[in-house]
Amino acid sequence: MKIICIGRNYTKHIEELQNERPDEPVVFLKPDSAVLLKQHPFVIPEFSDDIHHEVELLVRINKVGKYIDAKFASNYYDEIGLGIDFTARDLQAKLKEKGLPWEKAKAFDGSAVIGSFLSRKNFNSIENINFELRNNGNVVQKGNTSHMLWKIDELISYVSQFFTLKIGDIIFTGTPEGVAKVKPNDILEGFIEEQKLFRIQVK
């Protein structure tokens, strides 16, 4: 199973980090060792003093595909989920400054929270799904798929040009604005349309 992540897919998030708006999707990968085990807390790693939460809508691939046309992309998934892309922002800044890859800041052990999944049939439109992250009960990130620069089916088509998509692969589709530092004892809860899909304690 591979985890394919999309960066800079929401305009306001691009602006809050003062990044350039990309001409095409920004893609990076996480290994399966990045998945935070179920019922386990997220432990802040020793190599960073600035771990940020980035809540993201997830898509789980259910069919092998390559060079998928966007108009057929909906045939390759039937579930929508929610997760967190934990990011070592201080380390990422150093890597970006040197023009180096982000993996050390994005793909470390436990950096990928994968919550529960919901049937796509639950939604009237994939392009109008509300989701949010709460930290200690307070809403800190709120997004809607209508605000994506590249919609889910477009992302599937794009990444399949470079990687064969296999059953069980997961695509993290990008984070909205509101990313922020996590602290020990924080409780992070993720919701799609008021349905809770994960609860994570930070240590």
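In the predicted model, the charged end of Arg120 sits over the ring of Tyr77, at 4.8 Å from the ring centre. A second contact of a charge with a ring involves Lys66, which lies over the face of Tyr67 at 4.9 Å from the centre of that ring.

Contacts between aromatic rings were also examined. The structure holds 7 aromatic pairs. One of them is formed by Phe42 and Phe108, whose ring centres are 6.5 Å apart; the planes of the two rings stand at 45 degrees, so the pair is classed as tilted, given that planes under 30 degrees apart count as stacked and those over 60 as edge-to-face. Phe42 belongs to the loop between strand 2 and strand 3, whereas Phe108 belongs to the loop between helix 3 (103-106) and strand 7 (112-119). The pair therefore ties together parts of the structure that are 66 residues apart in sequence. Both Phe42 and Phe108 are buried. Phe42 and Phe108 are also members of a cluster linked by ring pairs, together with Phe47 and Phe86.

The loop that holds Phe42 also holds Gln39, and this loop runs between strand 2 (26-30) and strand 3 (51-53). The backbone of Gln39 has a phi angle near 70 degrees, which is a positive value in a residue other than glycine. The relative accessibility of Gln39 is 81%, and the residue therefore counts as exposed, the cut-off for this class being over 50%. Phe42, in contrast, is buried. A positive phi, again near 70 degrees and again in a residue other than glycine, is found at Glu194. Glu194 lies in the loop between strand 12 (187-192) and strand 13 (195-201). With a relative accessible area of 58%, Glu194 is likewise exposed.

Strand 3 and strand 11 run antiparallel and are joined by 2 bridges. Across this pairing, His52 stands opposite Lys181 of strand 11.

Key
Residues numbered from 1 in each chain as written. Predicted model: local features only at pLDDT ≥ 70, side-chain atom pairs only at ≥ 80, totals over all residues. Heavy atoms only, no water. Helix = DSSP H or I, 4+ residues; strand = E, 2+ residues; numbered from the N terminus. Buried < 20%, exposed > 50% of the residue type's maximum accessible area, 1.4 Å probe, protein only. Pairing = 2+ DSSP bridges. Phe/Tyr/Trp six-rings, centres within 6.5 Å; stacked < 30°, edge-to-face > 60°. Lys NZ or Arg CZ within 6 Å of the ring centre and 35° of its normal.
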